[in-house]
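Please walk through this structure with the sequence at hand. The account starts with the whole chain and then turns to its parts.

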Amino acid sequence: MVRRLSTYIAAAAVAWISFAACEQTDIYSPVHYNVTLNASNTYYAGDPVVFDITGNPDNLIFYSGEAGHEYRFRDYYDVPVEDVVSMTLELDIQHRAGNHGVNTANGPGLEIWYTDKFNGIDGNDAAGDRAMVMSWTEEQMIAEGWKKFPYEDPGREQNVFLKYSEDVLSCVTNFCLAFHWMPDLEAENTPIDTYWVNGKLDVVINGMDGQETLSYDLKNLMGTTVMYDETLSTYYMNDGNGSIRLDTNQDITFAGGYYLDNPSTEEVDGIKHRCEGWIFSSPRPFNSRNPDTAVTVKNLQNSADTYSYTYANPGTYHATFVGTNSNYLDASEEVRHIQITVLDKVEVSSSEE
């Protein structure tokens with residue numbers, strides 16, 4: 001009798017647990033949460049920014065506010081080519097060091113080209129990519145649809161940025177930008193031509209809500225390098241003096257130095273390789289807008305009371321969290337915006353940065 005009673009009690013317990021589990025699917029709680037900045041944050045580039053999260057979001061995603069990850073651009077769309085009103089490339093260029101220039105015997109040290117006819121660098125064929133760009137002549141490039149950006153190297157003017165702009169609307173369906181760095185080859189005790197370049201591409205479109213300007217930073221457009229010197233990797237970059245750099249406070253730094261030795265220092269610190277090379281943007285249309293993307297902070301399978309994100313570059317960012325709860329009964333969403341100002345961690349005083 002005792003055994004049978006125990007069996008009934010166990011069966012009743014299982015039935016109650018099963019009933020309770022079924023009941024859970026009929027519970028819906030509107031989303032409510034909050035996000036605050038952790039008091040320990042330093043807000044320097046390269047240091048993590050920690051967000052404290054409270055509340056009950058079943059799902060939570062995060063837009064950092066960086067290019068390509070902005071909440072306001074979460075619903076990109078394609079527009080007809082004829083709805084692109086203008087497309088303007090603006091560059092600020094400083095010739096930091098070196099002896100090249102249009103008024104010198106050795107000619108310019110930097111040329112800038114753009115086209116809608118180039119499909120891009122392969123990136124997986126180092127020998128082929130190097131051979132291709134080294135074979136180019138100015139006549140060939142013009143014949144193949146490249147156009148020169150209207151920059152005439154005035155020669156070294158340290159601490160002076162010169163501003164240039166060009167209408168590039170003709171390239172709206174496939175824009176590619178390229179910089180050709182051409183410093184001296186054997187100037188032993190002459191500084192290698194160094195350039196700082198900053199810029200943006202502004203595209204004005206007639207969109208669903210009226211005219212809108214889309215702005216793209218030069219640093220985020222550029223990508224693949226091709227260097228001439230066969231002692232280097234074809235795609236050599238971001239390696240201090242003697243390289244093309246996207247890792248400085250400028251959008252692009254063509255970082256010079258001295259080929260054999262800097263006479264102002266006691267160290268043997270010369271650059272042993274030829275510095276000539278190119279940097280290309282990835283060809284792409286600018287009448288097509290892909291949605292900006294977010295990262296998942298939590299979902300039903302995990303929990304999160306903090307989230308950490310590191311901003312690589314200084315600037316002011318509009319970070320956004322989107323929390324949602326949903327089941328067959330109902331759905332709700334709450335959006336939280338936080339403005340974050342990230343500072344330079346170390347002040348750069350070197351002429352190469």
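This is a predicted model: local features need pLDDT of at least 70, side-chain atom pairs count only at pLDDT 80 or more; totals for chains, interfaces and linings use all residues.

Residues are numbered from 1 along each chain as its sequence is written, and side-chain values use heavy atoms, with hydrogens and water left out.

The protein chain has 4 helices and 18 strands; helices (H or I, at least four residues) and strands (E, at least two) are DSSP runs, numbered from the N terminus. Of its 353 residues, 42% count as buried. Here buried means under 20% relative accessible area, exposed means over 50%, and partly exposed is in between, with a 1.4 Å probe and protein chains only. Contacts are heavy atoms within 4.5 Å. Among contacts in the protein chain between residues at least 6 apart in sequence, 76% join residues at least 24 apart.

Helix α2 spans residues 126–135, and its buried residues are Asp129, Arg130 and Val133. Viewed along the axis of α2, these buried residues fall within an arc of 95 degrees, so they line one face of the helix. The arc is that of the directions from the helix axis to the C-beta atoms. An α-helix has 3.6 residues a turn, so residues three or four places apart point the same way. What do the buried residues of α2 pack against? They pack against β11 (222–227) and β14 (277–281).

Strand β14 is mostly covered, with 5 of its 5 residues buried. Gly277, Ile279 and Ser281 point one way from β14, Trp278 and Phe280 point the other way, and all are buried. Two strands count as paired if DSSP finds at least two bridges between them. By that rule β14 pairs with β8 (residues 176–181), to which 4 bridges join it in an antiparallel arrangement; within this pair, Ala178 has Phe280 as its bridge partner. β14 is also joined to β11, running antiparallel, by 5 bridges, and Trp278 in β14 stands opposite Val226.

Next come the nonpolar cores. A nonpolar core is a set of buried Ala, Val, Leu, Ile, Met, Phe, Trp, Tyr and Cys residues joined through side-chain atoms within 4.5 Å. The largest one has 44 residues, of which Phe175, Phe179, Val197, Leu201 and Phe254 touch the most other members. Elements that give two or more residues to this core include β4 (84–97), β9 (194–207), β10 (210–217) and α4 (218–221). Leaving aside neighbours within four places in sequence, Leu201 is in contact with residues including Met87, Leu89, Val168, Phe175, Leu214, Leu221 and Phe286. A second, separate core of 19 residues includes Leu60, Val297, Ala319 and Phe321.

The structure holds 9 salt bridges, each defined as a side-chain nitrogen of Lys or Arg within 4 Å of a carboxyl oxygen of Asp or Glu. One of them joins Lys163 and Asp92 (3.2 Å, N to O). Lys163 lies in strand β7 (residues 162–167) and Asp92 in strand β4, so the pair ties together parts that are 71 residues apart in sequence. Lys163 is exposed, with a relative accessible area of 67%, and Asp92 is partly exposed at 22%. Another salt bridge joins Arg336 to Glu334 (2.5 Å, N to O); Glu334 is buried, with a relative accessible area of 19%. Glu111, Glu138 and Lys148 are linked in a network of salt bridges.

Asp251 lies in the loop between β12 (244–245) and β13 (252–254). This residue is buried yet has no salt bridge, and the nearest side chain of opposite charge, Lys219, is 4.9 Å away. For charge, Lys and Arg count as positive and Asp and Glu as negative, while His and the chain ends are not counted. Not counting residues up to four places away in sequence, Asp251 touches residues including Val197, Asn198, Lys219 and Arg245.

Tyr43 is in the loop between β1 (33–37) and β2 (48–55), whereas Asn238 lies in the loop between β11 and β12. Tyr43 counts as partly exposed at 22% relative accessibility, and Asn238 counts as partly exposed at 33%.
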